[in-house]
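Morning, everyone. Please bring up the model on your screens. I will keep this short.

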Amino acid sequence: MSEEKKDFKPKVVAFACHWCGVGKNEINAVEDFPDFKLIKLMCSGRINSALILKAFEKGADGIIAFGCPEGKCHYNFGNRNAAEEYKIAQSLIHLLGIEPKRLRLELDFFSEDGKLDSVIKEFVGGIRKIGPSPLRLINENK
Amino acid sequence: MIKDIIKKTKAYYCLDCGKCTAVCPVALFDGDFSPRRIVGETITREDKVLDDCRIWNCLTCKMCHERCPSDVNFIEFIRLLRVDARGEGKEGICSHGGAIQSLMKIMTAPNLNQKRLDWIRPDLKTSKDSEYLYFVGCLPYFDLFFSNIKANSLDIARSTLKILNLLRIEPQVLPNERCCGHDLLWSGDVENFKKLAQHNIAEFKKAGVKKIVLSCPEGYACFKSEYPNYLGKFDFEVVHISELLPDKLSSGEIKLKPVKGKVTYQDPCRLGRFSNIYDNPREIINSIPGIEFVEMKRSGKNAMCCGTSSWMNCTQYSKQIQLERLKEAKSTGAETLITFCPKCQIHFLCAQSEINYPEELKLKVIDLTTFLANALGGE
């Protein structure tokens, strides 16, 4: 890996549904990643491609979203909407040439001790390997 | 400076006659919106206008300018006000949560490596050294983003390429062309518009193309007048697909098979009032054997807008405009409404997908390139 990647501090945005457990708690792993933003939502159904694209536009290197498992949505269908929107967002970022690993949806999630940290660590580890988002330059040129 | 905007667009010539408001599709439904009053109020109390949310509601369809006896360029007036308002941190209400605005801004990134050519089927021929370029524009993005209303915007791209191949043109199609910037420009974001334009011009130069063919009227109008306006000399010939066709159709070089049915045609503002292309699309439609073509009451220069522009301020009035236009199309007895702009098609399909949209007003909405491509291959 190049020097640049060694110093690279990934900017990560996490969208988290309140009911899946993630949104209720602060995330311990945050200390490791200074550029980590947790955005709490009442339901993963609020996530749409507009939010995801906006975060990439603003220079996020990775976006992870958490929601409840199939059949367990507090609002019945929110996580299904999230899954549909996620598919569209995935295809849009593919068109834009953004690496697919920069976006992840975890719809199998009820917070268990330690599981959340390990998921985030693994995700951020993946981002570190890919390096900074090509879209960071939009903001740096200003 | 608002004084300069008034001067530049000759707004001070306004006679207060109200013809603009009488023909404005927004004013037809939104009692608060009146081009006449906006001009009048701006002249009398300049400082307030930038706070006015009405400046974002204009569709910039140019109907007002078409009718104005004093040649006041109202839509340019609005556009320049938007530039100033944006300078003060204001903006319109983005439709679709701002996703399309984000797409456009993301495309200003210099090191983008798009994967936007997957739609080109093996039977469609492109080349790497043709002097022709087919500028696809936002179609791959629209196709995906509007899959819920089955816009199938890439059908337009495939049809255009099929038609070009038939004309013995195997154009270049660039993997890293950007959005043309039309919508950013019309929503007052000149800075990002220029970035997109510069990227595009660099891509065109690198590819060594001389002629740019477009199937989108917004891109066409933008390349034709806004690129030279903002970036100086634009050394490429800009051709709309409709300009290539009528001769070849009348000479019989392109053979068409009969298509039965009654159709009507929606003039897109950027092709009609902006670019003065009214006859070519009609000649194309009439050249298809078996087709019965009927005009809507408001057509050509008087064609009514499809209700939304630049992906912003899509309001209940937009829906009312769309419903009004679809009613007009249906009243001709046509079962198909032919559009010639991917956005007109998306807007009319969206209006028809509303839950309370009356079944008896349903129409097939199809782009002219797709319609023509379906008729290709006659004896």
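Start with the sheet in chain A. Four strands make it up, and it is open, with the order E2-E1-E3-E4 and parallel pairing. Which strands are at the edges? E2 and E4, the latter covering 103-106 of chain A; each of them pairs on one side only. Neighbouring strands in this sheet are turned against each other by 15° on average, direction ignored. Keep in mind that this is a predicted model.

Now look at E3 and E4. E3 of chain A covers residues 62-66, and four bridges join it to E4(A). The two run parallel. Within this pair, Ala65(A) is opposite Leu105(A) of E4(A). What packs on the sheet? Helix H4 of chain A, residues 115-130. H4 touches E1 (12-17), E2, E3 and E4 of chain A, and its direction makes about 155° with that of E3(A).

Next, the surface. Trp19(A), Met42(A) and Tyr75(A) make a nonpolar patch of about 290 Å². Met42(A) sits in a loop of chain A, between strand E2 (36-41) and helix H2 (49-57).

Last stop, chain B. Ser242(B) belongs to helix H13, residues 241-250 of chain B. Is Ser242(B) buried or exposed? Buried, because its relative accessible area is 0%, and the cut-off for buried is under 20%. What does Ser242(B) contact, leaving aside neighbours within four places in sequence? Ile277(B), Asn280(B), Ile284(B) and Phe340(B).

Methods
Residues numbered from 1 in each chain as written. Chains lettered and ligands numbered in written order. Predicted model: local features only at pLDDT ≥ 70, side-chain atom pairs only at ≥ 80, totals over all residues. Heavy atoms only, no water. Patch = residues over 30% accessible without salt bridge, like charges linked within 9 Å, V, L, I, M, F, W, Y side chains within 5 Å. Areas by Shrake-Rupley, 256 points an atom, 1.4 Å probe, with all protein chains shown as cover. Salt bridge = Lys/Arg side-chain N within 4 Å of Asp/Glu carboxyl O. Pairing = 2+ DSSP bridges. Axes fitted to C-alpha atoms, helices over the stretch in contact; angles between N-to-C directions. Contact = heavy atoms within 4.5 Å. Buried < 20%, exposed > 50% of the residue type's maximum accessible area, 1.4 Å probe, protein only.
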